[in-house]
Amino acid sequence: MPHTLDKISPYLPFGDRRDAPFYGHDILSVNQFNRDDLRYLFGVAHEMREMVARVGCFDLLKGKVLANLFYEPSTRTASSFMAAMQRLGGSVIPISEVRYSSVAKGESLPDTVRTLECYADVIVLRHPENGAAALAASYAQKPIINAGDGTGEHPTQALLDLFTIHEELARVEGLTVTMLGDLKYGRTVHSLARLLSLYNVKLNYVSPGILRMPQEVKDEVSARGVAQYETSDLSEVLEQTDVLYVTRVQKERFEDPAAYESVRGAYVITPDTMRAAKAKMILMHPLPRVGEISMDLDSDPRAAYFRQMEYGMYVRMALLAATLGKA
Ligand code: NCD
């Protein structure tokens, strides 16, 4: 469902561009983007990359404040949003230990976001419950950016994943993308499959039987006419794959520890696995990895996961600039 909620204040802050795409908008789901939006955002992200290479920091968001509200652990998402804001000259209120905030006293999510928006211009939220970002957005006047809601979505990760594919392979059309690992609980693949279905791609899903891609996501993807194939055997699809997207088994989402034990370590990508892969394939992972990709692969030029993290900062710079009317 496209999200059209417009949170533009009647008092236009000096220098904000009211006509800028995404100005005042929440970023809740990849379903709110079309291909024109992506072309625009990736164009801005590409410029951010060049500016960072040239000058490091610049004052596009000087005077703006980001509240980074994380109810779940994060290294990359939290720190890349902070770095993105700081490289654009803005500042950050980091709340990554909610147990030291009033959340520990029982404060509700609506009250916490209505507090933070008194001090900040935009709120990045990660929460363990599906739909938490949409709930927060329905209370907040300022833009909410979903940084992962339970097993639901992780739209900014999918945007950076797609930007990575675009920058590394120079196209998206016609690619075969294979997602591997925990496709049931992994929110990154839920968002990425939906976003890729805007293009003419082929999607393969490789997982143990109990960790298959949810039917709801498959239905949305097939409604856009994208071919999907499921298997538990990577070797069936590896040779045709242009992008291999590996995910961690999401231990914290399992109700039954025995079920987790039955699938942990189900797939491990090693230099040996990569012998059957295309010379120009890219290997991606949202990280953290907990053994699914051997460290012996890190020096393989196809290993794109460290570059992927860096692309993430440029995409988040573009998103912050866009939602704050400065892109
Ligand atoms: C992912 C997440 O939090 O969903 N991490 C990230 O944001 N880079 C993936 C994961 O935790 O496995």
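Author: A polar contact is a pair of N or O atoms within 3.5 Å; within protein, one must be able to donate a hydrogen and the other to accept it, and residues adjacent in sequence count only if both atoms are side-chain atoms. The model is predicted: local features need pLDDT of at least 70, side-chain atom pairs count only at pLDDT 80 or more, and totals for chains, interfaces and linings use all residues. Residues are numbered from 1 along each chain as its sequence is written, and side-chain values use heavy atoms, with hydrogens and water left out.

Reader: How far is an oxygen atom of the ligand from an N or O atom in the side chain of His154?

Author: His154 is one of the residues surrounding the ligand (a heavy atom within 4 Å of it). Arg126 also places a side-chain N or O atom 3.0 Å from a ligand oxygen. For the side chain of His154, the distance to a ligand oxygen is 2.8 Å.

Reader: Which residue has a polar backbone atom 2.9 Å from a nitrogen atom of the ligand?

Author: The residues around the ligand include Pro286, Leu287 and Pro288. The backbone atom 2.9 Å from the ligand nitrogen belongs to Pro286.

Reader: How many residues does domain 2 give to the contact with domain 1?

Author: The domain assignment (automatic or from a database) gives domain 1 as 5-153 + 311-323 and domain 2 as 155-309. Their contact (heavy atoms within 4.5 Å) takes 35 residues from domain 1, and the number from domain 2 is 29.

Reader: Which residues of domain 1 lose the most area to domain 2?

Author: Buried area is the accessible area (1.4 Å probe) that two parts lose on being put together, summed over both. The two domains bury about 2700 Å² between them, 61% of it on carbon and sulfur atoms. Together giving 29% of what the domain 1 side buries, the residues that lose the most are Phe42, Arg76 and Tyr311.

Reader: How many salt bridges are counted between domain 1 and domain 2?

Author: A salt bridge is a side-chain nitrogen of Lys or Arg within 4 Å of a carboxyl oxygen of Asp or Glu. A search of the whole structure finds 17. Between domain 1 and domain 2, the count is 5.

Reader: How many residues apart in sequence are the parts that the pair of Arg187 and Glu72 ties together?

Author: The closest N and O atoms of the salt bridge between Arg187 and Glu72 are 3.0 Å apart. Arg187 lies in helix α6 (residues 187-196) and Glu72 in the loop between β1 (65-70) and α2, so the parts tied together are separated in sequence by 115 residues. Helices (H or I, at least four residues) and strands (E, at least two) are DSSP runs, numbered from the N terminus; the separation is thus stated in residues: 115.
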